[in-house]
Amino acid sequence: GKTLHFLTRDNTYAYFRYSDDKAILVYINASDEAKEIPWTNYSEILNKYHTVGVDILNGGNVDNQQPFTAAPKSSTIITFPVAK
């Protein structure tokens, strides 16, 4: 697969590992506050994949059309399958 990094913003960092089959978002919130993942900042890659992914760490579904808040001092890993 390939890697796409995004600029650090507001004490957060995000990158994607992606292939023809899926994309994996790694979102790191190094802040002392909860942060909402700014989905529109990642639209260049997310528009190629299904809007609903799975949070690998807790097994829950994540819809990138809805707000999602990352806890303070945490990492979030979400896998998105390719759109069909």
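Predicted model: local features only at pLDDT ≥ 70, side-chain atom pairs only at ≥ 80, totals over all residues.
Q: Which residue in S8 is the bridge partner of Asp55?
A: Strand S5 covers residues 52-55 and runs antiparallel to S8, joined to it by 2 bridges. The partner of Asp55 in S8 is Ile78.

Q: In what order do the 6 strands of the open sheet come?
A: Start at the edges: S1 (2-9) and S6 (61-63) each pair on one side only. Pairing in this open sheet is antiparallel. Reading across its 6 strands, the order is S1-S2-S3-S8-S5-S6.

Q: What is the bridge partner of Ala14 in S3?
A: Strand S2 (residues 12-18) and strand S3 (residues 22-29) run antiparallel, with 7 bridges joining them. Along S3, the residue bridged to Ala14 is Tyr27.

Q: Is Asp10 buried or exposed?
A: Asp10 sits in the loop between S1 and S2, and its phi is positive, near 50°. Most residues other than glycine have a negative phi. Buried means under 20% relative accessible area, exposed over 50%, and partly exposed in between (1.4 Å probe, protein chains only). With a relative accessible area of 55%, Asp10 is exposed.

Q: What is the relative accessible area of Lys73?
A: Lys73 belongs to the loop between S7 (69-70) and S8 (74-81). Its phi is a positive value near 50°. Lys73 counts as exposed, since its relative accessible area is 58%.

Q: Which residue's side chain joins that of Asn64 in a polar contact of 2.8 Å?
A: Asn64 lies in the loop between S6 and S7, and it counts as buried because its relative accessibility is 7%. Leaving aside neighbours within four places in sequence, Asn64 is in contact (heavy atoms within 4.5 Å) with Trp39, Leu46, His50, Thr51 and Phe80. A polar contact is a pair of N or O atoms within 3.5 Å; within protein, one must be able to donate a hydrogen and the other to accept it, and residues adjacent in sequence count only if both atoms are side-chain atoms. At 2.8 Å, the partner of the Asn64 side chain is Gln65.

Terms used:
Residues numbered from 1 in each chain as written. Heavy atoms only, no water. Pairing = 2+ DSSP bridges. Helix = DSSP H or I, 4+ residues; strand = E, 2+ residues; numbered from the N terminus.
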